[in-house]
Amino acid sequence: MSVAYVLVSASAALMALLGCVHLLYTYRGNKLDPRDPALRATMERSHLVITRQTTVWRAVKGFNASHSLGLIVFGLMYGYLAWWRPDVLGSSLFLLALGMAVLLAYLVLAKRYFFRIPFQGVALACVLYAGGWVLS
């Protein structure tokens, strides 16, 4: 395996790891809970304007879980392509550009809405991926 695809694999693995940690934090412990217990209680009994079938709290849990799954799927797909199908990834400008675009979108989201550690992780994934793309 060439250095290019090792870098893309490392980028993918980092994104999958971030997704797994985020999923763990979504359903275990209180790391993603509001610091104010009264706010969580309010979220648990407040419905969204769009429907009464869920609460704000349940929607937040679902959004966090789906966000985690997106990171995990990105990591698995690009890890697979880089590790086992580098011929497909390397010959597809579309797949290479799509991967970079997704990572850059996550970087913007991390900068705007998240905190330092996710931002740094996604930034590193971007650098690794870009390096792999350049070397491919």
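# Exercises on a predicted model

The structure is a predicted model.

**Exercise 1.** Determine what end-to-end distance helix 1 should span, and compare it with the distance between its end C-alpha atoms.

*Solution.* Helix 1 holds 25 residues. The expected span is 1.5 Å times one less than the number of residues, so helix 1 should span 36 Å. Its end C-alpha atoms lie 36 Å apart, which agrees with the expectation. Just after helix 1, G29 takes a positive phi of about 80 degrees.

**Exercise 2.** Identify the buried residues of helix 1 and what covers them.

*Solution.* The buried residues of helix 1 are A4, Y5, V8, S9, S11, A12, L14, M15, A16, G19, H22 and T26. Their cover includes helix 3, helix 4 (86–90), helix 5 and helix 6.

**Exercise 3.** Describe the largest nonpolar core and the surroundings of C126.

*Solution.* This core has 22 residues, and those touching the most other members are M15, Y78, L89, L103, V122, C126 and Y129. Two or more core residues come from each of helix 1 (3–27), helix 3 (56–84), helix 5 (93–113) and helix 6 (116–135). Apart from its neighbours within four places in sequence, C126 is in contact with M100, L103, L104 and L107.

**Exercise 4.** Locate the nonpolar surface patch and classify M1 as buried or exposed.

*Solution.* The patch consists of M1, V6, Y80, W83 and W84, which together have about 580 Å² of accessible area. Helix 3 gives the most to the patch, with 3 residues. M1 belongs to the segment before helix 1. Exposed means over 50% relative accessible area; M1 has 51% and is therefore exposed.

Methods:
Residues numbered from 1 in each chain as written. Predicted model: local features only at pLDDT ≥ 70, side-chain atom pairs only at ≥ 80, totals over all residues. Heavy atoms only, no water. Core = buried A, V, L, I, M, F, W, Y, C linked by side-chain atoms within 4.5 Å. Buried < 20%, exposed > 50% of the residue type's maximum accessible area, 1.4 Å probe, protein only. Helix = DSSP H or I, 4+ residues; strand = E, 2+ residues; numbered from the N terminus. Contact = heavy atoms within 4.5 Å. Patch = residues over 30% accessible without salt bridge, like charges linked within 9 Å, V, L, I, M, F, W, Y side chains within 5 Å. Areas by Shrake-Rupley, 256 points an atom, 1.4 Å probe, with all protein chains shown as cover. Salt bridge = Lys/Arg side-chain N within 4 Å of Asp/Glu carboxyl O.
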